[in-house]
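Please look through the sequence and the 3D structure shown below.

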Amino acid sequence: MPRLAPVPFRAILALIGFTAIVAQIVLMRELMVVSYGNEISLGVMLASWLLWTALGSNFLGKLAVRARDPARVMAFLQVILALIFPTTVMAVRASRGVLRAIPGEILGPVPMLLTSLLTLSCFCAVSGCLFAAGSRLYAQQGESSSPVATSSVYLLEAAGSALGGILASLVLIRYFTSMQVALLVSFLNLMAAASLAIRTVSRRRALVAILLGIFVLVGLPVARRLETISLARLWPGFRLVAARNSVYGNLAVVETPGSRSLFENGLLMFNAPDPAAAEEAVHFALLQHPSPKSLLLIGGGASGSLLQALQHPSLKRVDYVELDPTVPDLAEQYFSQQWAAARADPRVHVHNADGRLFLKSTDRTFDVILINLPDPQTAQLNRFYTLEFFREAAEKLNSGGVFSFQLRAAEEYISPELGDFLRCVNRTLREVFPVVTTIPGESVHFFAAKQAGGLTENPQELISRLRSRHIETRYVREYYIPFRMMPDRMLDLSRQIEPRNDTPVNRDFSPIAYYFDVALWSTQFNQGYRRIFESIARVNFGYVMAWLGVLLLAIGAGIHWLPRRAARPRASAAFCTAATGFTLIGLEVLLLLGFQAIYGYVYHQLAIVIAFFMVGMALGSWWRLRQSSGFPAAFDRKMLTLAGLQMVGALSPILLYVLFVLLSGIRNPMGLTLVSQVLFPVLALASGLLGGYQFPLASEVFFAGSKSASAGLGTLYAVDLLGACLGALAVSAVLLPVFGFLRSAVLIGAVNLAPGLLAWVAFEGAAPQE
């Protein structure tokens with residue numbers, strides 16, 4: 001077989017990681033539109049992705065590595081992948097029609113899981129198989145051993161993933177549609193397949209790949225039209241007016257006779273015109289203040305609420321904070337009646353920034369701070385309902401100032417799940433503000449003040465202020481305010497949401513309100529889901545740790561007493577790799593959520609953190625490969641190092657939590673800049689370094705004594721992905737919302753103890769038999 005040029009060959013291998021990460025970003029965003037964009041849905045999607053990739057690497061990979069001509073196999077797989085990627089985008093968008101879900105409807109956990117498993121299966125399985133085929137080709141080209149081949153491909157894949165993550169997050173998603181991105185990546189894979197074919201297979205096959213690539217490239221201008229047609233299928237009964245890809249999500253403006261709606265990731269942000277919602281969003285809070293001069297409005301202003309707020313004549317300045325700059329752009333084009341006059345008002349100052357970061361870093365103080373955001377359905381939104389955020393808001397309130405937000409509720413009956421949720425938020429708010437009152441309804445309005453007498457529960461006082469300010473409203477007026485503030489209704493609500501002794505406080509690093517809201521979300525579908533969430537919440541963390549310890553020790557004991565002594569190091573290496581995969585995904589989630597809690601949700605910074613994580617993995621692999629080639633260590637030394645790495649993995653999440661606590665008090669802009677732009681990328685690099693170094697070392701142990709040069713080339717990679725699959729589900733769906741950061745960090749660390757102990761004790765001085 002002819003030898004391939006080193007640089008193009010390595011670029012082709014790096015393309016495996018590049019393709020995988022770009023496709024993951026694009027397809028995850030598409031699935032969020034179809035299903036629901038909270039951490040549980042993301043955990044399910046990511047777990048499905050990792051599961052199918054692992055299965056492809058192990059089972060399809062075994063077929064790929066047995067082929068006589070791995071270059072032909074790899075070229076064939078890249079052509080298949082190029083065809084599957086755009087097809088998968090179309091399949092995801094068509095899935096809502098198959099499920100007969102109406103626009104804006106939230107899918108339950110089971111349909112969400114089935115959709116993810118079915119739509120991602122083909123792409124991920126082929127992508128996983130590519131790793132095994134690439135490792136086999138690398139071993140053949142360089143006449144390398146199995147551990148060197150798998151470690152080298154792992155390094156190149158990580159490097160390609162780092163590059164793909166940065167390009168996709170900061171360039172491709174911003175300026176291209178999902179279909180265009182899919183076709184661009186498909187073109188790259190077809191050219192790679194042609195490069196392999198023209199050097200190793202036949203010019204005829206290379207010509208086919210090139211012609212397919214030209215067809216894909218020519219089709220790029222047509223892709224936008226195809227994008228519009230496929231997106232329209234997501235909105236039956238609506239006319240799709242506009243669709244935009246923002247770095248923060250997929251935005252769609254749809255129209256029915258008489259109204260327009262803005263959806264983000266498939267969920268309704270607002271309807272317009274909707275004067276009732278716009279009036280309620282701001283007037284209750286502003287009327288609580290006798291003469292508001294400054295207002296901070298975080299979110300929701302484009303729906304008409306900002307225009308309503310400007311009717312208060314005493315307001316001299318309004319700071320409106322909107323995270324996604326695409327929202328004001330769309331509002332200017334398609335919601336001009338609600339937005340244009342407000343944006344042109346000289347009192348309005350629009351800030352495209354994370355609301356919490358703005359509040360933390362601004363020098364201004366405000367008479368009224370109004371949070372006009374959805375409920376804490378995600379960990380990112382939960383940051384606006386925590387003890388730490390309420391303290392930050394209290395610091396920026398002027399004397400006599402009012403802090404307010406609203407949460408969904410019910411007019412008459414408050415269910416046990418809704419009661420738990422509202423009591424948690426109420427208790428958290430009362431920990432900071434001595435004066436708190438609420439107004440009942442379909443949405444509960446919370447008002448808080450730092451001084452006694454800062455709030456009123458007298459509806460006539462609010463009506464008097466409404467009249468004196470000459471505010472024109474259709475709903476929040478003389479007949480409506482007394483109805484909403486009937487004394488018996490207010491007293492009944494107060495009793496139902498009065499915190500109990502066991503009501504927890506919602507914190508940045510213990511986001512229990514997010515869990516309560518997810519439990520409330522689950523009741524929309526099936527009582528079985530509610531019982532599952534309730535059961536999880538009742539589980540004692542000590543029992544969880546005990547059962548985890550028993551399971552891990554049982555696995556370790558089973559490996560220790562394997563009949564074949566030579567198989568024990570191999571199984572031990574796989575055990576360590578699975579634990580490291582679990583730990584790495586946990587560290588990545590902790591890093592991202594910790595970054596949001598301490599600094600804020602700034603998309604390009606998060607992309608940099610993820611990229612540094614992948615760079616760390618590449619550097620770790622390179623470091624270990626360099627060591628093993630220059631200074632090969634004895635087998636027992638490798639086992640000792642592997643055990644040491646598991647101990648580092650056990651300590652890392654706990655040290656990360658301690659560091660988060662120390663950093664959470666930073667307020668000054670310089671300190672926040674250093675933390676976000678220097679410290680977090682360094683932490684991500686170090687976390688990735690751990691996994692990148694461990695995999696080649698585990699490969700050396702795993703393949704030691706192997707009789708076949710190509711046996712199991714994709715197996716260890718599959719084990720790594722399966723560990724990450726379990727981590728993605730456990731950390732995002734259960735550990736963080738139920739147990740918080742500290743206990744999650746302890747459990748993630750504990751996963752490494754049994755495999756580390758196994759490597760340390762059971763095989764000290766042992767070597768595999770040839």
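Cys129 is buried, with a relative accessible area of 3%; buried means under 20% relative accessible area, exposed means over 50%, and partly exposed lies in between, for a 1.4 Å probe and protein chains only. This is a predicted model, in which local features need pLDDT of at least 70 and side-chain atom pairs count only at pLDDT 80 or more, while totals for chains, interfaces and linings use all residues. Residues are numbered from 1 along each chain as its sequence is written, and side-chain values use heavy atoms, with hydrogens and water left out.

A disulfide is a covalent bond between the sulfur atoms of two cysteines. Here a disulfide is counted when two cysteine sulfur atoms are within 2.5 Å, and a search of the whole structure finds zero of them.

Next comes helix H4. Helices (H or I, at least four residues) and strands (E, at least two) are DSSP runs, numbered from the N terminus. Helix H4 covers residues 109-142, and Gly128 lies in it. Is Gly128 buried or exposed? With 0% relative accessibility, Gly128 counts as buried. Contact means heavy atoms within 4.5 Å. Leaving aside neighbours within four places in sequence, Gly128 is in contact with Thr53, Gly56 and Ser57. Between Gly128 and Leu466 there are 64 Å in space, C-alpha to C-alpha, and the two are 338 residues apart in sequence.

Thr119 is also placed in helix H4. Thr119 is buried, at 11% relative accessible area. A polar atom of its side chain lies 2.6 Å from the backbone oxygen of Thr115. Not counting residues up to four places away in sequence, Thr119 touches Leu31, Thr88, Ala91 and Val92.

Strand E3 (residues 259-264) holds Ser261, which is buried at a relative accessible area of 6%. Which side chain makes a polar contact with the side chain of Ser261? The partner is Asn271, at 2.5 Å. A polar contact is a pair of N or O atoms within 3.5 Å; within protein, one must be able to donate a hydrogen and the other to accept it, and residues adjacent in sequence count only if both atoms are side-chain atoms. Residues that Ser261 touches, beyond four places away in sequence, include Ala252, Val254, Leu268 and Phe335.

Two loops carry backbone details. Pro273 is in the loop between strand E4 (267-272) and helix H9 (275-288), and the peptide bond from Ala272 to Pro273 is cis, with omega near 0°. His470 is in the loop between helix H17 (459-468) and helix H18 (480-484). Phi of His470 is near 55°, a positive value in a residue other than glycine. At 68% relative accessibility, His470 counts as exposed.

Now to the nonpolar cores. A nonpolar core is a set of buried Ala, Val, Leu, Ile, Met, Phe, Trp, Tyr and Cys residues joined through side-chain atoms within 4.5 Å. The largest one has 193 residues, and Phe403, Phe405 and Leu422 touch the most other members. Apart from it lies another core of 45 residues, among them Ala242, Leu306, Leu370 and Ala449. Beyond its neighbours within four places in sequence, Phe403 is in contact with residues including Ile369, Phe389, Leu429 and Phe447.

The last stop is helix H22 (residues 541-560), which has 20 residues. From its first C-alpha to its last, H22 reaches 28 Å, close to the 28 Å expected at 1.5 Å a residue; the expected span is 1.5 Å times one less than the number of residues. Its buried residues are Phe541, Leu548, Leu552, Gly556 and Ile559. These lie on the same side of H22 because they cover an arc of only 70° around the axis, the arc being that of the directions from the helix axis to the C-beta atoms. Tyr543, Trp547, Leu551 and Leu553 are exposed on the other side of H22. At the start of H22, a side-chain oxygen of Asn540 comes to within 2.7 Å of the backbone nitrogen of Gly542.
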